[in-house]
Amino acid sequence: MKKDIILSGVGGQGILTITSVIGLAAMKSGLRLKQSEVHGMSQRGGDVQSHLRISDGTIFSDLIPMGECDIIISVEPMEALRYIPWLSKNGWVITNAVPFENISGYPPISDIISELEKIDNHIIIDAGEVASRINSPLSGNIVVLGAASPYLEVVSSSSLEDAIRLFFSTKGEDIVEKNILAFNEGKRISEAIIRSKK
Amino acid sequence: MNKLLLCNEAVAQAAIDAGVSGMYAYPGTPSTEIMEYFISSEEAAKKNIHRQWSSNEKTAVEAAIGMSYAGKRAMVAMKHVGLNVAADAFMNVAVTGVNGGLIVVVADDPSMHSSQNEQDSRFYARFANIPCYEPSNQQEAYDMVFDAFRLSEKYRLPVLMRLVTRLAHSRAPIKFKTDKNHQKNITLPDDPMQYILLPANARKRNKILIENYEMVRFDNRLSKFNSFEDGKERRMGVIATGVAYNYLKENISSSENSCPILKISAYPFPKDIVLGIFSRCEEVIVLEDGYPFLEESLRGLLDNGRKIYGRMDGTVPRDGELNPNIVARALGISSNNYTPVPSVVKPRPPQFCKGCSHIDMYLALNEAMRQYGNGRVFADIGCYTLGALPPYKSISSTVDMGASITMAIGAADAGLVPSVAVIGDSTFTHSGMTGLLDAVIKKSPITVIISDNSTTAMTGGQKSQATGMLDKICLGLGVEPEHMRVIAPLPKHHEENVGILREEIAYNGVSVIISRRECIQTAKRKRR
Ligand SMILES: Cc1ncc(C[n+]2csc(CCOP(=O)(O)OP(=O)(O)O)c2C)c(N)n1
């Protein structure tokens, strides 16, 4: 049993947060993991990614080999596409639809969405809309995590919720509850998308 | 207990568990989290472990030498290029030897994710004749710290521990050791001459150093960090060092007919175990995340022995970090087909934060410099280096920390007047102050802009040594008070700031302009 996950986005969008939440949940579930992160220069608005490997066996490489990633979870649509070479044949891409346009010449969003739609297994969700609807504009990353949760398999939704509680525990009850809500909204929407596709 | 830690954090926790008394560092990716862990550790606070940022890597190493002189365990951490700054102290503490155990942790950055070069610190250990440990995973790094302190105290040598970005910044569950070492008491060196490197004594110490180095090489035959796994498929053997071992195992752990593997993580490496694999296999491939350090010495100058594959013959790319796919290709294993990145994807380089004070400084500087043309602004290393990119394109150099002021001096000496230096506050106290003294003494016609955001922003906002003291330092170094100006880089002051810059750039002597506004990230963190 193993899951190789790439989490992607732009520096400052909260990639490390959702990586840590999944990592915490995996630890609590007694699994092994390696979690490779980007710290440093790219965190200043550049492209960032984490490689998260979860398994019940020994994990050697900190980096996921190309073509072997089970899930790409992205907080930004163009950043989801950047890691396509890592995606396995049956892999899933779960991404936010809202672009983060901090470069000149950012491609038209319709071109990006149509590339994403070429991938067999994809969920595209407007995390920004969801986050502002539940009045928690900074929780877009957790909405995307919720949308990805049905595909994580090695960690259950309830263990992810526990990890969210633990991760945000120092920030107060209000922040914790907003993020739990964000998680569940993301999950609900992604499950509805799956049902509609079937 | 198992805890999910970055390798950098695991190294820090290990030092705490091994009874370290002092931790010294200057920030630098990918090493910064070692000291950050110490600073936020309640355990380190309770044990009263000394843990404060130093002004630069040299002062950090020297303070650690002092801690070790007093008989206590010390650790110092830096990025690879930091060891260049600390090299004088580092090379000479090899000759003095240590008293309390001393570990120098150096995090290399193959592929230069956040650095100017990809120098391989194993050469420094070799250069200084000291042992080097190169862990392949987080747990091994944790365990090695205990062994490194013991080794350091056994042979009275400093030990270099080499990490690479991918390991330093990867998390894994760590099992802590329960054997809690006590911090040691002050015990001065037995030999009162040990640390006095007058030539006559240094010559004696140097012989001891060389002898000890060879003893470590001998001991390393049995080091648990150098291991041999035999295999059925004996045509080709593999020698893998540090994290290269993981990429190797990633590719072959499931294969039935594995080849003999020699993993090397403790240097200097003994001939015997290398001979072991050469006696079994016709050919050997060498995998190293860094320079072809081991490969070059195995080949020797004549390179007419056994068939060796590696970076030097192109089996592995000559530069850049390794990864599982590169190693698969080198081993001749066909990896999965993969889809290329779609062409709509555009590069997304790092950039200034919205509202960054460096932006307003550059906008004013560009305007003030327009009349002189391009190529006269020497910059330094920090967030403000991003001023090289469009739309600013304000700077012409970024070489090493502190080089802005001194390059401006040299260019002015050559007749390039005016020459301007742009340097950050942390970089200024790291290694800009001595350059400014040179300029003052020589009356160089240069203008120095200290872009003071009152933090070390590039590496995540660590304390900047001289926050609140920069004006006094510049005046103390002899800058004339009338040419020491302070500006507030804000759009509303743009015209005024351009005027001040124009005046000082036109001045035929040393002028310093401190452009001061708090880092937007620090300000945000404070508001939370
Ligand atoms: C010798 C050396 N040590 C450390 C670093 C890592 N490093 C790069 S920039 C920087 C500090 C920058 O701080 P400052 O000059 O205040 O500029 P800011 O990033 O705050 O704009 C550090 C520590 C380096 N490149 N070289």
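Hi everyone, and thanks for coming. Please keep in mind throughout that we are looking at a predicted model.

Let's begin with the ligand. The space it takes up is the second largest pocket. Two elements of chain B give two or more residues each to that shell: helix H5, spanning 80–85, and helix H17, spanning 425–431. The largest share comes from H17(B), with four residues.

Now, who is in that shell? There are 26 residues around the ligand, and the ones that come nearest are B:Glu57, B:His358, B:Cys383, B:Thr427 and B:Ala457. Sorted by class, the shell has 13 polar, ten nonpolar and three charged residues.

Let's zoom in on some individual contacts, each to an oxygen atom of the ligand. B:Thr427 brings a polar side-chain atom to 2.5 Å from a ligand oxygen. For B:Asn453, a polar side-chain atom lies 2.9 Å from an oxygen of the ligand. With B:Cys383, by contrast, the backbone takes part: one of its N or O atoms is 2.9 Å from a ligand oxygen. And how much of the ligand does the protein cover? On its own, the ligand has 590 Å² of accessible area, and the protein covers 97% of that.

Where can you find cis peptide bonds? One joins B:Thr29 and B:Pro30, with omega at about 5°. You'll find B:Pro30 in the loop that runs between strand E2 (22–25) and helix H2 (33–40) of chain B. Another cis bond links B:Pro390 to B:Pro391, again with omega of about 5°. Here B:Pro391 belongs to the loop between strand E15 (377–378) and helix H16 (403–413) of chain B.

One last stop: B:Ser111. This residue is not a glycine, yet it has a positive phi of about 80°. Look for B:Ser111 in the loop between strand E5 (102–108) and helix H7 (122–128) of chain B.

That's my tour, thank you!

How values were computed:
Residues are numbered from 1 along each chain as its sequence is written. Chains are lettered from A and ligands numbered from 1 in the order in which they are written. This is a predicted model: local features need pLDDT of at least 70, side-chain atom pairs count only at pLDDT 80 or more; totals for chains, interfaces and linings use all residues. Side-chain values use heavy atoms; hydrogens and water are left out. A residue is near a molecule or strand if one of its heavy atoms lies within 4 Å of it. A polar contact is a pair of N or O atoms within 3.5 Å; within protein, one must be able to donate a hydrogen and the other to accept it, and residues adjacent in sequence count only if both atoms are side-chain atoms. Accessible areas come from the Shrake-Rupley method with a 1.4 Å probe; for residues, only the protein chains shown count as cover. On a 1 Å grid over the protein atoms alone, a cavity is a set of points where a 1.4 Å probe fits but cannot get out, and a pocket is an open set with protein on both sides within 12 Å along at least five of seven lines; lining residues have an atom within 4 Å of a point. A molecule sits in a cavity or pocket if more than half of its atoms lie within 2 Å of its grid points. Ala, Val, Leu, Ile, Met, Phe, Trp, Tyr, Cys and Pro count as nonpolar, Asp, Glu, Lys and Arg as charged, and the others, Gly among them, as polar.
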